[in-house]
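Here is a short tour of one model, written for someone who likes geometry. Have the viewer open and follow along.

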Amino acid sequence: MLSATISFILTAGGVAVAGLRAYRRRFLSATRWFAVALLPAGLYLTGLFPLASTIGRAFTDWAAKLVLDPRVWSGIVLLGVSALLLVTTRWVGRRGTAPESAPERPAAAGPAPDRPALAPKPQAPKAAGKQAGDKRNDGLGDFADIEEILRKRGI
């Protein structure tokens with residue numbers, strides 16, 4: 001009775017953590033937590049959670065229950081689903097197609113207290129051949145809009 005209580009409390013805790021991860025839109029992590037949360041319940045239902053002191057006798061009893069007891073089969077199904085979810089999330093995580101993190105939130109208006117404010121870089125004097133309207137040729141032309149936004153916000 002105690003092993004059933006422990007295994008289902010562990011399962012409920014894991015499902016709760018998976019729900020929190022899904023609420024924060026970390027679905028790949030939530031799926032992994034759910035898969036791991038199924039393990040204690042699956043092990044208990046198959047009869048493998050409390051390991052007996054005599055392995056030979058326990059295995060014989062377990063093998064006899066395997067054929068006749070639907071509870072053992074439901075445990076095997078839970079373990080199979082857990083393994084399938086773990087393998088799938090590992091495969092999807094390697095491919096990088098699933099969004100692991102939540103969407104980025106806009107940054108605060110001011111600099112973070114632990115980071116120093118970015119000071120604008122001093123500009124080098126322009127060459128005689130360049131005009132004021134020419135595009136910058138130093139490779140940072142794409143960042144002109146960002147620099148302007150930062151300058152407007154006083155960063």
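What follows looks at a pair of helices, then at an aromatic pair.

Please keep in mind that this is a predicted model.

Let's begin with helix α2 (residues 27-46) and helix α4 (residues 70-95), whose axes come within 8 Å and cross at roughly 155 degrees. An angle over 145 degrees counts as roughly antiparallel, so α2 is roughly antiparallel to α4. The contact of α2 with α4 is made up of 18 nonpolar, 8 polar and 3 charged residues. As for handedness, α2 passes α4 in a left-handed crossing.

From its first C-alpha to its last, α4 reaches 37 Å with its 26 residues, close to the 38 Å expected at 1.5 Å a residue. Buried in α4 are Val72, Gly75, Ser82, Thr89 and Val92. After α4 comes glycine 96, with a positive phi near 75 degrees.

Now for the rings: how many aromatic pairs does a search of the whole structure find? The search gives 1. The ring centres of phenylalanine 8 and tyrosine 44 lie 5.7 Å apart with their planes at 75 degrees, so the pair is edge-to-face. This pair links distant parts of the chain, since phenylalanine 8 sits in helix α1 (residues 2-23) and tyrosine 44 in helix α2, 36 residues apart.

The two partners compare as follows.

| Residue | Relative accessible area | Class |
|---|---|---|
| Phenylalanine 8 | 39% | partly exposed |
| Tyrosine 44 | 17% | buried |

Tyrosine 44 is classed as buried because its 17% falls under the 20% cut-off.

Conventions: Residues numbered from 1 in each chain as written. Predicted model: local features only at pLDDT ≥ 70, side-chain atom pairs only at ≥ 80, totals over all residues. Heavy atoms only, no water. Axes fitted to C-alpha atoms, helices over the stretch in contact; angles between N-to-C directions. Helix = DSSP H or I, 4+ residues; strand = E, 2+ residues; numbered from the N terminus. Parallel < 35°, antiparallel > 145°, perpendicular 65-115°, else oblique. Left-handed = near helix turned anticlockwise from the far one by under 90°. Nonpolar A, V, L, I, M, F, W, Y, C, P; charged D, E, K, R; others polar. Expected span 1.5 Å × (residues − 1). Buried < 20%, exposed > 50% of the residue type's maximum accessible area, 1.4 Å probe, protein only. Phe/Tyr/Trp six-rings, centres within 6.5 Å; stacked < 30°, edge-to-face > 60°.
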